[in-house]
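Welcome! Have a look at the structure below, and then we will walk through a few of its residues together.

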Amino acid sequence: MENQLTTETARLSLVGKHSHAIDFNLPQSASNSVEEVMARLSGVLQTTLEVDAVIELFHTEINKVLAYDSLHYQNQSSHCEISTGSRSRHSCHYRLEMNGSWLGELTLTRSKKFVDSDTQLLEDLLCKLVYPLRNCLLYREAQAAALQDKLTGLNNRGAFDNSLKREIDLAKRQHLPMSLVMLDIDFFKAVNDTYGHGGGDLALKKLADSLIDSMRASDIAFRYGGEEFVLILSNTDSQAALLVAERIRVAISQLNCNDGSRTFGFTVSLGVAQLKHGEKGDSLFSRADSALYKAKKAGRNQTAVSA
């Protein structure tokens, strides 16, 4: 098969059999059905930019010309893991790489051994996969970057809007409690005025780090905007959310920021609201925001809970 990899370099390393990169310029001497799959495979795989979908399409097409019981794809750096079928005794395992970029690992298994003609066919088929897969992974990275706050590394407001709807729907389906915690830095303008915007940025980063350290594994944190942050607490009622909020408040009050010449600290105020039956996201957010305002009005550096 004459490959399309000209100015760029792609590598397929077959674990346990080849210790070298496999040449993509392999001769094509297959049946008409294989030729038909090969002819349309690139076009089929280019119809999506979703990793799950491109692997599923790849599986659907190659299963027509290559017998196997299961397919497993994983890319830990992109948090992808996709499996089809039931794992069998014999496996054919590939590490995929292009231009030094890691594309993941793909494993096929079946009850009888893979012979040389099988691996040659699979390598030809994988040649059609690497470009669409790379595009999907790049798209996934771009999506993730668009939903991340560059200063703090937390999820941003766009991510919050998507996550809130998803978590509310999940809580309603599973009949579980869910709470929202809103917080912002007390007298943040004074921090900026006294220590400059560099000091303000340092405070925001320190706060974000403290949130990550204080949160439970199931909690999701967002920088909503400016000095305002939001936490989505799944399977959590208002009493448990209050405990989480207080732990965060105390931890932040003990932080020390140093801009190179001066050391300073700050406090936060927090508002808690638990999702009510039939309530929508904007209403829940509004109640948490009102509770935050209540905490600030009561003297700051405290947590208030919505009724």
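Predicted model: local features only at pLDDT ≥ 70, side-chain atom pairs only at ≥ 80, totals over all residues.

Residues are numbered from 1 along each chain as its sequence is written, and side-chain values use heavy atoms, leaving out hydrogens and water.

**Aromatic rings**

- A pair of aromatic rings is described by the distance of the centres and the angle of the planes.
- Rings of Phe, Tyr and Trp (its six-membered ring) pair if their centres lie within 6.5 Å; planes under 30 degrees apart are stacked, over 60 edge-to-face, and the rest tilted.
- By this rule, there are five aromatic pairs.
- One of them is edge-to-face: Phe-160 and Tyr-224, at 5.6 Å centre to centre and 90° between the planes.
- Phe-160 lies in helix α4 (residues 157–174) and Tyr-224 in strand β7 (residues 220–225), so this pair ties together parts 64 residues apart in sequence. Helices (H or I, at least four residues) and strands (E, at least two) are DSSP runs, numbered from the N terminus.
- Both Phe-160 and Tyr-224 are buried.
- Phe-160 also pairs with Phe-285: the centres are 5.9 Å apart and the planes at 55°, so this pair is tilted.
- Here Phe-160 in helix α4 is linked to Phe-285 in helix α7 (residues 281–297), 125 residues apart.
- Which residues do ring pairs link into a cluster? They are Phe-160, Phe-222, Tyr-224 and Phe-285.

**Charges over rings**

- A charge sits over a ring if NZ of Lys or CZ of Arg is within 6 Å of the ring centre and within 35 degrees of the ring normal.
- Arg-110 has its charged end over the ring of Phe-114, 4.3 Å from the centre.
- Arg-300 has its charged end over the ring of Phe-187, 4.3 Å from the centre.

- You will find Val-37 in helix α1 (residues 32–45).
- Val-37 counts as buried because its relative accessibility is 2%.
- Beyond its neighbours within four places in sequence, Val-37 is in contact with Glu-61, Val-65 and Leu-125 (contact means heavy atoms within 4.5 Å).
- Val-37 and Glu-61 are 24 residues apart in sequence, and their C-alpha atoms are 6.6 Å apart in space.

Conventions
Buried < 20%, exposed > 50% of the residue type's maximum accessible area, 1.4 Å probe, protein only.
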